[in-house]
Amino acid sequence: MVLLDPPREKNRKDTARKPLTKGQKRRRLAVRIVLVFAVLVGLSLGVLASLADHPALKEGARSFLSAATGMNVSVESVERIAIFPVLEMKVTGVRFEKEGEKPPVATMKSFHFSMNFWDRFLSRTRLNTLEAEDLHIRAGVLTAHAIDAAFAGLRPEGGPDGKTGLVWNGRYGPDGALEGFFSAHHTKTPEGRDFYDLDTKNGTFRIKIGLLEATGKTDKKPGALGVTIDKLTTPAGTATGSLSISSIKGGQALDGTFSFGESKGKTNLTVSEDAWRGTLRFAVLDLADIAGMTGIYDTLAALSPAANSDPDAPFSFGTTDISLTIRADRLQGNGADLGKLVMPVSIADNKFQATIKEDSRFSGGKVAGALSLNAQEQPARLDGRLTLTGWEYGQLMKAYQGHDNVKGTADLKLKLGANGKTAATLVQALDGEAVLIAGSGEMQSTALNIWGRGVVNAMLPSLDPKAATTLNCVIADFKIADGVATADPFFLDTGRVTVRGEGTVDLPAGQIDMVLTPKGKEIAILDISPAVSIAGPVFTPKIKPTTSSLLKKLGGAALGLVNPAFLAFSLTDLGLTESHPCHAFIAPPPTETPETP
């Protein structure tokens with residue numbers, strides 16, 4: 001014993017611990033207090049849980065769900081509530097209500113949630129259970145129609161191809177599809193407990209709601225969440241793209257790319273609670289894609305809670321200020337380069353404004369314009385103007401009709417205005433003028449088929465469609481009143497024929513009703529038609545000969561001249577100076593006869 005004592009004393013001295021600092025003592029005490037508190041609360045709630053529908057459990061569940069949603073929540077029954085070692089809640093007959101609103105915002109037949117206490121304590125996102133059955137969300141809350149999910153929750157093999165994740169399925173509206181999946185990591189402990197962690201770093205998702213279906217991936221990085229949309233499919237077509245969302249002071253930054261058809265572009269936006277700022281830039285904007293992209297927007301807008309709002313409600317742009325610049329570096333049509341567009345757009349103080357900058361170009365011409373819709377007072381006021389000068393219309397005719405060797409330029413002026421409470425009433429109330437002036441040009445006769453194949457053949461049945469003709473002048477002057485555009489005059493003169501027209505285009509109905517009367521200039525044209533009727537839908541009218549000629553109304557000489565008194569704009573505004581080719585077809589002012597004494 002004596003021999004062993006010295007080493008023992010030496011060992012104690014070497015292994016003596018340093019005294020704890022005050023901070024270490026406080027942290028150790030805090031951990032012990034939390035552990036004791038958790039155990040005591042867990043034991044207490046474990047006892048209450050055995051009492052099933054104890055009022056304290058119902059109140060605890062109601063308070064938790066009310067605090068989480070900001071709504072008044074009622075619970076029919078409580079099957080289980082626990083805090084330690086697992087945070088858990090299992091309830092049935094859940095109703096979410098907003099004060100003063102009926103029916104309930106949402107209801108659930110049952111809801112079950114659980115996660116490890118320490119995961120919550122350490123701010124980890126792992127879950128053990130997340131399940132909701134017979135979830136009903138009222139129309140107008142999240143979407144335009146009601147959402148009825150038979151099941152929504154985490155499943156180990158519930159996704160596509162047996163993948164693990166958050167899944168939901170049911171019905172959207174009266175007969176729309178509702179399906180969804182978001183991938184998650186799944187692990188199981190030796191004791192058989194499941195753990196799920198939503199895969200925000202490198203996850204996959206699939207959403208189908210109504211007429212919209214989207215598939216893609218997520219990529220979470222420090223300070224940002226990236227979303228890649230492999231496919232966004234609607235009846236109007238399929239778009240692809242990516243979006244990075246990052247937090248900035250006062251809001252979020254949204255940077256992304258998108259592609260639809262031949263069009264490609266990118267977005268750079270900053271979004272806060274009350275303002276949107278940024279750019280929408282197209283490297284290529286194909287004119288044929290505009291209708292499809294508008295259709296995608298309409299499909300998305302149809303999901304909005306506001307989609308079922310009163311269609312007769314007056315215009316309102318809300319309180320969010322928007323300032324965007326829309327750019328198209330290349331405007332394209334059927335593969336042809338048609339120009340570029342720079343258009344700032346803003347919404348502020350319940351007023352929409354858009355301006356086409358003067359450095360914009362379209363089909364070789366300079367284009368400028370502005371559009372405003374002021375809803376500060378009701379009815380709202382719409383004002384628009386557009387000018388296109390030096391328009392090389394041959395570019396469009398080659399791109400869309402395949403006509404080669406079409407040469408010539410034209411100018412277009414448009415001025416519109418209307419008062420109305422809704423979009424429909426604005427179109428019905430449109431007033432203004434639209435004038436097209438074209439000077440000398442060259443083309444084949446078939447290039448005159450403005451409303452599709454058949455116009456030239458109906459007027460001049462024996463004319464060779466490939467025969468070259470010289471365009472001397474076109475003056476198409478439409479005066480617009482109450483949504484109806486009236487041609488007065490419609491005048492076209494070529495080396496072979498002069499054509500006068502009259503009639504209307506009903507803009508709200510999309511219908512045209514016009515008569516074109518030709519007058520041949522060559523003796524060889526013997527079978528010229530007295531007149532041609534163009535009637536029906538604007539883009540697909542029926543074309544046929546008619547006896548309703550303007551020759552009797554105007555006379556042969558007057559058919560080849562335009563009365564300047566009928567023009568909506570002055571000769572100076574239209575550029576019809578003495579040097580313009582159309583000036584020769586402007587009737588001289590009437591000669592005043594001196595009064596005899």
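Predicted model: local features only at pLDDT ≥ 70, side-chain atom pairs only at ≥ 80, totals over all residues.
**Stop 1: an aromatic cluster**

Select Phe117, Trp118 and Phe121. Ring pairs join these three residues into a cluster. The whole model holds 6 aromatic pairs. Zoom in on Phe117 and Trp118, whose rings pair edge-to-face. Their centres are 5.0 Å apart, and the planes make an angle of 85°. Is Phe117 buried or exposed? Phe117 has 14% relative accessibility, so it counts as buried, the cut-off being under 20%. Trp118 is partly exposed, at 28% relative accessible area.

**Stop 2: charges next to the cluster selection**

Keep Arg126 selected and show Phe195. Arg126 lies over the face of the Phe195 ring, 4.0 Å from the ring centre.

**Stop 3: salt bridges between strands**

The structure has 17 salt bridges in total.

Begin with Arg155 and Glu131. Their side chains meet in a salt bridge with an N to O distance of 2.8 Å. Arg155 belongs to strand β5 (residues 147–155) and Glu131 to strand β4 (residues 129–137), so this pair ties together parts 24 residues apart in sequence. Both ends are partly exposed: Arg155 at 30% relative accessibility, Glu131 at 24%.

Stay on β5 and pick Asp148. Which residue does Asp148 form a salt bridge with? The partner is Arg171, with the closest N and O atoms 3.5 Å apart. Asp148 in strand β5 is thus paired with a residue of strand β6 (residues 165–172), and the two are 23 residues apart. Asp148 is partly exposed at 22% relative accessibility. Arg171 is partly exposed too, with a relative accessible area of 39%.

Next, select Arg206 and Glu179. Their closest N and O atoms are 3.0 Å apart, in another salt bridge. Arg206 sits in strand β9 (residues 204–209) and Glu179 in strand β7 (residues 176–188), 27 residues apart. Arg206 is partly exposed, with a relative accessible area of 25%. Glu179, at 32% relative accessibility, is partly exposed as well.

**Stop 4: two hairpins in a row**

Strand β17 (residues 336–348) runs antiparallel to strand β18 (residues 351–362), and 6 bridges join them. Find Ile347, which stands opposite Phe352 in β18. The hairpin of β17 and β18 has 2 residues between the strands. Which residue takes a positive phi there? Asp349 does, near 50°.

Follow β18 onward. β18 also runs antiparallel to strand β19 (residues 365–374), through 9 bridges. Here Phe362 stands opposite Gly365 in β19. This second turn again has 2 residues between the strands, and Ser363 in the turn has a positive phi of about 50°.

**Stop 5: the nonpolar cores**

Show side chains for Tyr393, Leu471, Phe478, Phe490 and Met514. These belong to the largest nonpolar core, which has 45 residues, and they touch the most other members. Which strand gives this core its largest share? Strand β23 (residues 468–481) does, with 5 residues.

Finish with Leu57, Ala61, Val91 and Tyr196. They are among the 38 residues of another core, which lies apart from the largest one.

How values were computed: Residues numbered from 1 in each chain as written. Heavy atoms only, no water. Phe/Tyr/Trp six-rings, centres within 6.5 Å; stacked < 30°, edge-to-face > 60°. Buried < 20%, exposed > 50% of the residue type's maximum accessible area, 1.4 Å probe, protein only. Lys NZ or Arg CZ within 6 Å of the ring centre and 35° of its normal. Core = buried A, V, L, I, M, F, W, Y, C linked by side-chain atoms within 4.5 Å. Helix = DSSP H or I, 4+ residues; strand = E, 2+ residues; numbered from the N terminus. Pairing = 2+ DSSP bridges. Salt bridge = Lys/Arg side-chain N within 4 Å of Asp/Glu carboxyl O.
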